[in-house]
Each structure stands twice: as C-alpha cells, then as structure tokens.
Amino acid sequence: MPDVLLSDTIAMELGAQEPWPQPIKLYQPYEVEQILLPDNANCLAVQAYLKMCGLEFQIEPRSNAEYMSPSGRVPFIQCGAFLVSEFDPIVSFISSKGSSLSGELGATDKADMRAYISLVNNVLVNAEQYVCWVDHATLISVTKPRHGSVYPWPLNHLLNWQKQNQITKKLNVLGWYNKSLDEVFGEVKNCCTALAERLEGKTYFFGDDSPNELDALAFGHIFTILTTPLPNNSLANIVKSYPTLVNLCKRIEARYFQRTEDD
C-alpha cells in the first residue's frame with residue numbers, strides 16, 4: 001500500500017508538469033453484467049466530477065479492471081503515461097493540472113467539504129459494501145453472480161471467495177462487520193440527514209452557482225443506491241425519504257448527463 005500511495009503522489013507531481021492529455025480514459029468493470037453497487041457508485045462519482053470539470057473522457061470497460069488498477073480499486077484513469085485510481089487521488093491529480101471545482105472556497109468551507117466527503121466515504125461506502133458482501137440475500141442473489149460472471153468456473157468461485165474475504169476483513173477492522181442491518185440503515189439515515197441539512201435551500205452543497213467534488217461524490221452514491229435493484233429495498237427507501245438529496249441527483253443528471261428531470 002505505501003508503494004501505491006507513493007506512486008500516486010509521484011504521478012500527481014509529475015503529471016502537473018505535463019500537458020493535459022485528452023481524452024482521458026476511465027477504466028471500470030462492465031456495467032450491465034458485472035459491476036457492483038459500491039464500484040458503480042465510485043465510477044459514477046468520477047464520471048460526474050470529470051463532466052463538472054468540462055473534461056473529455058472515454059469509458060473503457062474491462063472485466064479485470066480492479067486487477068489493472070494501481071490500488072486494486074476502481075475506477076482508475078489513464079492520463080498520458082499516468083494511471084491514477086479512486087475518487088480522491090483522481091480529484092487531486094486533476095486539481096494539480098489546474099482544473100479545480102473547490103479552488104474558490106475559503107478555508108472553513110474547504111474543511112467542511114472534506115468532512116462531508118469523509119462522511120460519505122465512512123458511511124455510504126461501508127453500508128454499500130455491507131449490503132453487497134455481508135447481507136446473505138444480496139450476496140447470494142446479486143453479488144456473487146455478478147462479480148463472478150465474467151470468469152469461468154472454478155475461477156469465479158475463487159475470486160468471489162477472495163473478494164468476500166477481503167471486504168469482510170476490512171469491515172471488521174472498521175467496526176461494521178458485526179452490525180445488524182438495522183444498525184447499518186441507521187448509520188445511513190444519520191448520514192443522509194447531515195447531507196440534507198447541509199444542502200437545504202441551496203442548489204449545490206456550497207452554493208447555487210456550481211458544484212464541487214462533494215456534489216459529484218454524493219451524486220455517485222445516492223444515484224446508484226436509488227437505481228440499483230436489490231432484494232432488500234431499504235437502502236433506496238431511506239434515500240428516497242430525503243427529497244433534497246433526490247432532487248440534487250435529478251439536477252446533476254439533467255445538467256451533466258443530458259437527461260431531463262422527468263425521465
């Protein structure tokens with residue numbers, strides 16, 4: 001992991017000195033048959049951020065995208081000779097090239113933005129992982145069939161076991177593995193309440209003019225939760241009970257993904 005972080009840091013420093021290569025290539029798993037809720041949310045968040053920055057990119061679906069990634073996580077982008085993975089490093093890399101959505105924020109607002117980004121990462125991401133890899137009904141009917149769909153037997157079973165073991169160990173360290181579903185949903189409600197209170201009365205989290213990385217990240221996760229069919233709909237139903245957050249998703253979808261709010 002230190003080597004990965006070092007390579008990401010070097011990529012950002014060196015990338016800032018290079019001309020901006022376009023279009024950017026964004027690598028992710030196949031959407032229709034393979035990608036899972038947490039990865040789909042992260043990929044959509046990065047897509048939204050790139051669109052908000054006005055940067056051209058092309059999606060490159062790969063069955064082995066996570067194994068191609070420098071950090072083992074998706075999505076990752078290729079900018080010229082540089083590979084940068086995951087939302088926060090990608091945002092930092094793009095900012096180093098002069099494209100920032102939060103450069104005009106004051107120090108207090110930037111600190112608040114980072115706190116809310118941490119909230120999304122610490123709650124929504126862990127809840128998505130829990131639902132996919134710990135909740136038995138979702139694990140059996142959705143997660144294992146989709147995650148292993150692009151691999152032949154018995155490799156699909158081996159990789160499913162490997163991924164499940166990796167995620168459950170992480171959730172255990174973070175104190176999430178032994179939570180009940182109700183406790184997980186309670187955490188999601190608290191997170192959504194905090195986000196909705198911050199957004200109340202505004203078009204975006206930090207004003208009415210333009211979004212920043214928090215808007216992109218929240219959109220990626222909330223939109224994906226709302227649109228991903230699961231055996232247990234409680235996660236989506238919680239989010240639906242916060243119209244402020246649902247309307248944020250509709251605005252971003254209409255503005256950056258060329259869809260109307262009535263679609």
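**Close-up views of cavities, a pocket and a helix pair**

**View 1. The second largest cavity.** The second largest cavity has a volume of about 30 Å³. This is a predicted model. The residues that line this cavity are Val131, Asp135, Leu181, Phe185, Leu230, Asn232 and Leu235. By class, five of the lining residues are nonpolar, one is polar and one is charged.

**View 2. The largest cavity.** For the largest cavity, the volume is about 80 Å³. Its lining consists of Pro29, Gln34, Ile35, Leu36, Asp39, Ser63, Ala65, Glu66, His147 and Lys163. Four of these residues are nonpolar, three are polar and three are charged. The count of cavities of 30 Å³ or more comes to two.

**View 3. The second largest pocket.** A volume of about 410 Å³ is found for the second largest pocket. It is lined by 20 residues, and the closest to the pocket centre are Glu31, Ile35, Asn40, Thr227 and Thr228. Three helices, α2 (37-52), α6 (136-147) and α9 (213-227), each supply at least two residues of the lining. Helix α2 gives the largest share, four residues. Sorted by class, the lining of this pocket has eleven nonpolar, six polar and three charged residues.

View 4. Glutamine 47 is part of helix α2. This residue counts as buried because its relative accessibility is 7%, and the cut-off for buried is under 20%. Leaving aside residues up to four places away in sequence, glutamine 47 touches Leu26, Gln28, Glu31, Phe57, Ile59 and Phe257. One of these contacts, Glu31, is also among the residues closest to the centre of the second largest pocket.

**View 5. Helices α8 and α11.** Two packed helices are described by the angle between their axes and the distance between the axes. Here the axes of helix α8 (residues 181-199) and helix α11 (residues 243-256) come within 9 Å and cross at roughly 65°. Helix α8 is therefore roughly perpendicular to α11, as angles of 65 to 115 degrees count as roughly perpendicular. On the α8 side, the contact is made by Cys192, Leu195, Ala196 and Leu199. They meet Thr244, Leu245, Leu248 and Arg251 of α11. The residues of this contact comprise six nonpolar, one polar and one charged.

Methods
Residues are numbered from 1 along each chain as its sequence is written. This is a predicted model: local features need pLDDT of at least 70, side-chain atom pairs count only at pLDDT 80 or more; totals for chains, interfaces and linings use all residues. Side-chain values use heavy atoms; hydrogens and water are left out. On a 1 Å grid over the protein atoms alone, a cavity is a set of points where a 1.4 Å probe fits but cannot get out, and a pocket is an open set with protein on both sides within 12 Å along at least five of seven lines; lining residues have an atom within 4 Å of a point. Grid points are joined across faces, edges and corners, and a volume is the space filled by probe spheres set on the points. Ala, Val, Leu, Ile, Met, Phe, Trp, Tyr, Cys and Pro count as nonpolar, Asp, Glu, Lys and Arg as charged, and the others, Gly among them, as polar. Axes are lines fitted to C-alpha atoms, for helices over the stretch in contact, and angles run from 0 to 180 degrees between N-to-C directions. Angles under 35 degrees count as roughly parallel, over 145 as roughly antiparallel, 65 to 115 as roughly perpendicular and the rest as oblique. Contact means heavy atoms within 4.5 Å. Buried means under 20% relative accessible area, exposed over 50%, partly exposed in between (1.4 Å probe, protein chains only).
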